[in-house]
Structures are given as structure tokens and as C-alpha cells.
Amino acid sequence: MVVEFHFPDGNEKITTFNVSKQLQGYDYGIGIITIIVGISVSIIFYQMYYLPESFAKPAVAEHILNPIEQTNISMIPGSANPDQQDNFVPKLVNIQLGIDNHVIWINDDDTPHTVTPDHSIADSYSGPFGSSGVVKAGEKYEFLFTESHEIEYHCEPHPWMTGTLIVTKQRF
Ligand SMILES: [Cu+2]
């Protein structure tokens, strides 16, 4: 390897030396430490700045995040009975983003029920739709829709309990 040293006074010195010998001991250790520090800094940067950016929730308009109304759906008493006509009431719900896109299911029955989509569906802001477990008597499940969806859902233990949600953009 040829290394040229340039000195301020204009003198130049050309030296040839063996790199492998020069990189022994102390120099070699410094090199390894520099590489380790470099990789660590890269990983920290990736985790702190790059990852959160890529997983960040999409920007959603304020009026959609805070709609003026909420939509209530009741699981009415007797829903667990397959002979009863009504269960999720109302059964078909039209929802407008920015108006009533915050939907709350209330279990008014004395039996636990679920809110389970027929086909798994996720909202880019709120994540997967559906209750994570059962909604016990007197409890509720709520979901904020931020984009258009058409969802058919049912109750896992009582598949005759079905409902439909149609979420659309505001019609002005
Ligand atoms: Cu049920």
C-alpha cells in the first residue's frame, strides 16, 4: 500500500508499508470498536426514528376523530334465543364519517355476546375490527371508523345474531 503524506511546508513523502502489520494490536482494536459503535448508532437510529415513522397512524381529520354523534347498537334481551327475530338492534346501520362514526354496542342481554366480523377487517387508524373477547351483560364494545367500510358481522356463540354496517364519507 502506498500512502502519500502531504506536509504544510510543501514536502511530500511517499511511504510504502504493510497494512496488515499496521492494523495489529491497538489500531485493530480501535477499528473494531469503531465498527461496533457505528452499527449500534445505526440500530438505535433505526428504532427511534425510522420505525415509529413507518408505523405511525395515518393522519385523520379532526371531525372524523371526534364525530358529533355516536351510533348505539343494542344486543337486546333474548338475543341468545335463536327463535327471537331481533338481536343486534338496529340490524343495518348507515354511518357517515364525521357524523356518527363512533359506534358503541351495548349488551342489554343477560348473556355474553361478541361483535365478530364475518371476514376480518381493519381500519387503518383504529386497527382490527371486532371485540377481542365476549362482551359481558351490561358491558359495551366500541369502535371508531375512520374510512369507508362495508361490514357484515355476527356473534360467535350465537351465529344467528347478525348485523351490517355501511360506513361512507359525508354526503354534502
Ligand atoms: Cu351472542
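The following legends describe close-up views of a predicted model.

Residues are numbered from 1 along each chain as its sequence is written. Because the model is predicted, local features need pLDDT of at least 70 and side-chain atom pairs count only at pLDDT 80 or more, while totals for chains, interfaces and linings use all residues.

**View 1. Overall content of the protein.** The secondary structure comprises three helices and twelve strands; helices (H or I, at least four residues) and strands (E, at least two) are DSSP runs numbered from the N terminus. Of the 172 residues, 18% count as buried. A residue is buried if 20 or more other C-beta atoms lie within 10 Å of its own, exposed if 12 or fewer, and partly exposed in between, with C-beta atoms placed from the backbone.

**View 2. The largest nonpolar core.** This core holds 19 residues, of which Ile 95, Val 103, Trp 105, Val 115, Phe 145 and Val 167 touch the most other members. At least two core residues each come from β3 (70–75), β6 (102–107), β10 (140–144), β11 (149–154) and β12 (162–168). A nonpolar core is a set of buried Ala, Val, Leu, Ile, Met, Phe, Trp, Tyr and Cys residues joined through C-beta atoms within 7 Å. Beyond its neighbours within four places in sequence, Trp 105 is in contact with Ile 73, Met 75, Val 115, Val 135, Lys 140 and Tyr 141; contact requires C-beta atoms, placed from the backbone, to lie within 7 Å.

**View 3. The open four-stranded sheet.** The strand order is β5-β12-β11-β7, with mixed pairing. Strands β5 (92–96) and β7 (116–117) form the edges, each pairing on one side only. Two strands pair if DSSP finds at least two bridges between them. Strands β5 and β12 are parallel over five bridges, and Asn 94 has Ile 166 in β12 as its bridge partner. Six bridges join the antiparallel strands β11 and β12, whereas β7 and β11 pair in the antiparallel sense over two bridges. The covered face of β12 presents Gly 163, Leu 165 and Val 167, and its uncovered face Thr 162, Thr 164, Ile 166 and Thr 168.

View 4. Tyr 153 lies in strand β11 and is buried because 22 other C-beta atoms lie within 10 Å. Gly 163 in β12 stands opposite Tyr 153. Not counting residues up to four places away in sequence, Tyr 153 touches Val 115, Thr 116, Pro 117, Asp 118 and Gly 163. Thr 114 is 39 residues from Tyr 153 in sequence and 9.5 Å away in space, C-alpha to C-alpha.

Key
Two residues are in contact if their C-beta atoms, placed from the backbone, lie within 7 Å.
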